[in-house]
Structures are given as structure tokens and as C-alpha cells.
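Please look over the sequence and the model shown here. The paragraphs that follow go through some backbone, packing and contact features.

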Amino acid sequence: MANDREVLREIWEGKVPVCFQLDPEEVYDLQAPDPFYLMVPRLSYFPLCTDKVRKHFMRHVQQEGQDKPENEMWLEFNGIPLKWHIPIGALLDLYHNDIQLPWNIVVHFRKFPEDVLMRCNNKEIVESHFLSCIKEADVLKHRGQLVSNMQKKDHNQLWLGLLNDKFDQFWAVNRKLMEATSDEGFKYIPFRCYISEDKYIQRLVKPLLEDGHRKTLKHLLNELFPNEETASVRTHGIIPSLDAPLQWLSEHLSYPDNFLHLILIT
Amino acid sequence: MAVYEAGENSSWRLNIITQLRDRNKTQTHCYLDLISLHNRLFDNANTLRGENLQLSIANEKLRTEAASGVTGTGNNAALEAKLLAQADELTMLHRRRGEHTQQIVDLNNKLQEAMKELQLKESSLADKVDINNVLRAELTRYAAREKELENINQMLKDEHQALQLAFASLEEKLRKAQEENRQLVDRLIKYKSKDAEKMNEENDNFLNESFTSPTAFLMQTISKFGKRQAKMQKELEDAARDTRTASPDRGGTLEGTAPVIPSSLPTKIAMKFNAHEGEVNAVRWSPTDRILATGGADRKVKLWDIAKGSYECKGMLMGSNAGVMSVDFDSGGNYVLGASNDFASRVWTVADLRLREVMG
Amino acid sequence: MSEKEEEPQTGEASEPKTPDVAAEETNPNPDPPTTEPSSANNETPVASDKEKKIEVLLKATGDAPIMTKKKWTVPPDKTLGWISEFIKKFIKMGPEERLFLYINQTFAPAPDQTVKNIYDCYGTDGKLIIHYCKSQAWG
């Protein structure tokens, strides 16, 4: 039961300023378009926020190929294509060292990097990915029983709450997913630990030690990286204390897809 | 569960919360207003740019219109041309419609005429059928009549034949009678000549007796003889003439062959009665009975039985439409024929007094 | 199957131990089964066992054609996207058609998820069962 509403609220309100600019080589007009500034929520995904960006920059791109699938918009930072299926907050943490706010992101319309990025033409793809992550998290937490008993309208409510930035609408359903079926908490803690931008670890980790005490973040890191003594992770732009219990972290600091996205600090 | 309650004073929780708050402060709040303002300005600029574009386009259009100097703008001209075309189409369609209605009217008229003709034909057909029927009826009637007439014809032929036979027999009788007559006349002539000779002898004797003047006597005797001779010749001629013109319907009444026979004219009326209301135009005796037929101006033919001084009306034969001028019996006395002024002749039977035939 | 992935490379560092043992709990910490000869080595891959391949069982769902060979061993660092392409080529699907992969008959992970991660979490009896389908079977 995620009942620390203050924390939840603070997490939900996280937004960062982004400056979108069009790739100078793709500019077709006489004059380069103005950069587009936008506040993007940490908890969301890029394809859900960038409609206006696309509309703004479309005008300045070569007109004929606008609707072709080859000319899908993709984002790049520091020469690296940004993976849209990772929440924006996780991306921020990944590139934390290089990012200065406002975050400068370059917008591209051509030469879509097929081998690195997945295609995302519409919001339905994002929705199915989001719901799939929720199901996966529920499999880890409750053997998948909670989500399978949910109705389609609950799924819809989760998605719409995220899409439209509605805290209460989202958490009305999500609190059920955050309920532990037993005193011990979730079965396993759903998390992803990013080592690099390409690689992340996902492992089965229980929230309790054998002796019944709750595990902390420290225990998790020890399990993942037994050799590193001073490992710590960043999430949501903060470095939580290593004493924080895993169960609490999972309930409160999970992203809307019910996963903890922890980025290893080297 | 208590183990999971995040106590207010857990250090890790405080740590996390402060970090979050700081984060939000630095990252979010500073930029929020700025960026929202920026976005607003951006949108305004975009809309203004769009309006500007539209206005410039309109401006260009007006300028080109003014420059070209046509009364209507290009658009208007095109619209007017379209309008003209549409109006033309409309008039054409109207005309066509008029033509079509005219065609409809004509066809209707033709239809009416055809119907009328049809009716006429039907009525004439009906008439013809009627006439046909009538003619058929007439035909049957004529056939019947023809049959009747044939029968009558046959009957008449039979009668004729019968009459012919009767006639033949009568002719035979006549011939015989004429033969007898001739013979009798011959005998008579013989007797007369004998008588004449005797007289001559007497005369001679007489003359011989009184012969004084031979020439006077001779002259007297010659003149007497001449007269007697002439008289004899004349009588002989008459008799001979009589035998030639003897006809059967004169009954057996031979008239005046002999000057010797004392003739008598009726002078005394045996009977007198009023036979008819008006004039009596015809009388006739029956050849067989003692019946008298009279025909009068009262259009009737009456039959009388005359018996020894009394008369009795045997019957009245009616049917004539005008006065009866002549009556006659047939040779058998069975039929009475009456001819009247109504241009018709009628035959009645004596026995039952019924009208048998109308002729004329 | 516990390896020490300290390095950010797509490394094949140590090798997972025999797959049959570790179905659920992957506890690299001192556990009774300590047959991890390479537990100490992080950087250098052990010469003896290279990345121990993971046994994968592919099951057809819906109207997808059944593969003649269902069991495969896959290097652990391969992604699900790679497996998806492999299946598509095997059952002769065109590149424009979409193939959906499901784990536990419940969810479809992102294509850049590694086989290792999925096997660590959801493998059963030493193999990982993946259901593939031409249409969305479980949403």
C-alpha cells in the first residue's frame, strides 16, 4: 500500500525543461526554425509529449516526405538516439552527467536508425508497451494474478491517467497494484538496473531476507554487484539512501510502469 | 505491516523527500513559468504568422484583380461563366421539358383518336352484327315463305292440273256438243231446205194456179224468192256463225238461232227486294244451286236463295274495302269471286262464307 | 546464472552455472551451491566456459506456423528483437509483418530486453519458454 502521498505527489510532479532543435542538416527553409521549449514530465515517455514538437518542426522539413514511415521523428542527444520506451526520467538519469538543463535534444526526421530504435508511429504502440510492463511487474509482484483480474477499463484508466497527467485517476487503480498480497510484501521486487545505456539487469529479488527482515537498497546492490562495495544508484534524479527498504521503494518510487528504474552511478 | 510503515522520522525517507523537493525546485519550478510563457508566445507568433500569410495571399489576389482591371475578379468571371453555362443548361432543359410535354399531349390526342376509332369500329361492328342477325332472321323468314310459296305453288300447280283435266274434259264435251250442234244444224238445214222446197213447190203450185200475167207473177215470185233466198242465206249464215262462236260460259243458253222460235222479253217483275244498302253493282246466278250473288256499293257481297217467290239471304261476304263492282261463281259453284273498287279481288267459299284469297 | 556484470560492455563475463539448479533465486551471495568457479573473475571471461547459452523453447500461438525445431540455445546477451527476427526468417514472414513474443503467456517485453534477464526472471526447469504469435494474443 503506497500511502505516503507526499512522496507520491512529489514524484508525480517531476518535470524537466527540454529544448528541441531541428537537425541543421535537415532544414529545408531559408531560415532555421526556432528551438522549441517544452516541460516534459519525468514519468512519461517521449512519444506522448512530442506532438507539438513534431508539428512545429514539420513545416521546416522537406515537405514531400512528411507522412512516409521512413520519415518518422526521432530524438537524439549527444549523438545518441534516445530510446522512447524508457521513461524520460530514466533517460535523464542515464545521461545525467552530460545533461545541463534545459536539456538540448536534436530532432531528426530522416535516416531513422532502424538497428537502434524501435518504430513508434502512434500512441497505441506506447500504450501496449506500457501495459506490457505493468503486466510483467505484476507477474513479479503477484504472479500476475492482480492484472489478469483487472478489467479493460482499469487498464484504460491507468493509461489515460498517465497520458493526461491525472494523478488521482492513475493512482485510483495503481494503488491496487501496489498492494502486497501477504505480510511479506511483493513476491519479487520489479526493477531494472541500468549499467549503461544499452544494458540493464533484471533479476529476481525478494523483498525480505531469510531472517524476515526487509531488504534495503544496499542488499539489492550487493546481490547484483557483489564486488562493488560502494555502489549506489540514482533514480528520479535523486540518490536515495541505501537504507531505504526495497518494498517501500517499490511502492513509492516506481515509475508508472510499476518498475524501479535504477541507474548505477559509477 | 508495521514494519513497512514509513515512520515520519526515518532518515532515509527524509533524505529522499528533501532530495525530491530540491530537485523539483531547481529543475521544475524555475523553468515552468518561463517555458509556458515561451510556448504561449510561440503559439501567438504562429497564429499571427498564419494570419499574415492569409492576408498577404488575399492582398495579392486583390492586387492582381485591380491590376488586370476586369469588372469581375478572376473568381467572379469564372463564377459568372459558370452561371451563364448553368443558365443555358437550364433554358435547354426547360425547352426540352416543353417539347416533352408537347409530345405527351400529342400522344394523348392520338390515343384519344385511336380510342374513338376503336369505339366507332366496335359500334359499326355491333351494327353489322345486328344487321347480320336481322338478315339471318329475314333469311329464315324468306326461306319459310319460300317454302310456303312452294307449297302453294305446288298446290296451284296441282289445282291447275286438275283444272286442265277438267278443261280437257269440258273441251271434249264441247266438241261433242259442237259436233252434235253441227249435226243438228245440218239436220235443221236439211229440214229447212226441205221446207223451202216444199214451199217452193207450193209457191209454184200457187203460181201455176194464178197465171194471168206471167211477167208480173214472175216478178213477184222472183222477188219473193229472192227475199226468201236472202232471208234463208242470212239465217244460214247466222246459224253457221253461231256454231263457231259458241262458248261454254254462256251456259247452255243458245240465243236466237231460229227466227222462228218465238222470243220473249221479260216484262213482268217476278220479285223485288232490297239487296244492299246502296247501289247494287253486280248480280250472278250460281251455276249449280239456285243461289244468287249480289255485289253492292256497301262493300258486301250477299248470297240469296231464290225459291218460288221468296228470297232468303244465305250469307254476307265481307272483306272488301270499297264497293263491289262485279261478282262471279266458279264452275263448281263453290267459290264466289268479287271485284271491288279497292283495287282488289277476293275469293270466298260459299259453304262457310269465309274469305279465301285476296288478290291485288 | 549469476554473473557479475560490473562492466558496461555487453560482456560475457562469467558464466552461468548449470542451468538446472537456479530456477528462481539467483543469489550470487554465499549460497549452498557455490559451484561458481568464475565468481571471482569479473573482467576476463573464463576461457573454459564462454557465455553459456540459454535453452529457449519456442511455442506457436494462434495462427502462427509451428517451427520444426522448437528448442534452441541462445547466447545470453542476445535481445528479444534478435530472436524475433530469427523466428520471422525461420517461418518465412515478411519484414512488414509483425511478430509478437510473450513470456509467461502474459506480457511482451521490450525488444531490447536481453534473453539473460528474462531467463533469470522467468525461466522454468532450465529453459525459457517464449510464445510467438502473429497477432496480439494477450494484449
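**Backbone, chain and helix features**

Arg299(B) is buried, because 21 other C-beta atoms lie within 10 Å; a residue is buried if 20 or more other C-beta atoms lie within 10 Å of its own, exposed if 12 or fewer, and partly exposed in between, with C-beta atoms placed from the backbone. Arg299(B) is not a glycine, yet its phi is positive, at about 70°. It sits in the loop between strand 2 (291-296) and strand 3 (301-307) of chain B. Helices (H or I, at least four residues) and strands (E, at least two) are DSSP runs, numbered from the N terminus.

The model is predicted: local features need pLDDT of at least 70, side-chain atom pairs count only at pLDDT 80 or more, and totals for chains, interfaces and linings use all residues. Residues are numbered from 1 along each chain as its sequence is written, while chains are lettered from A and ligands numbered from 1 in the order in which they are written.

Chain B has 3 helices and 8 strands, and its pattern along the sequence is α-α-α-β-β-β-β-β-β-β-β. Of the 360 residues in chain B, 9% are buried. Among contacts in chain B between residues at least 6 apart in sequence, 34% join residues at least 24 apart; two residues are in contact if their C-beta atoms, placed from the backbone, lie within 7 Å.

Chain A also has a residue other than glycine with a positive phi: His236(A), near 55°. His236(A) belongs to the loop between strand 8 (232-234) and helix 10 (246-252) of chain A. It counts as buried because it has 25 C-beta neighbours inside 10 Å.

Two packed helices are described by the angle between their axes and the distance between the axes. In chain A, helix 7 (residues 152-163) and helix 8 (residues 167-177) pack at about 140°, with axes 7 Å apart. Helix 7 of chain A is therefore oblique to helix 8 of chain A. Axes are lines fitted to C-alpha atoms, for helices over the stretch in contact, and angles run from 0 to 180 degrees between N-to-C directions. Angles under 35 degrees count as roughly parallel, over 145 as roughly antiparallel, 65 to 115 as roughly perpendicular and the rest as oblique.

Residues in the contact include Leu158(A) and Leu162(A) of helix 7 of chain A and Phe170(A) and Val173(A) of helix 8 of chain A. By class, this contact has 6 nonpolar, 4 polar and 1 charged residues; Ala, Val, Leu, Ile, Met, Phe, Trp, Tyr, Cys and Pro count as nonpolar, Asp, Glu, Lys and Arg as charged, and the others, Gly among them, as polar.
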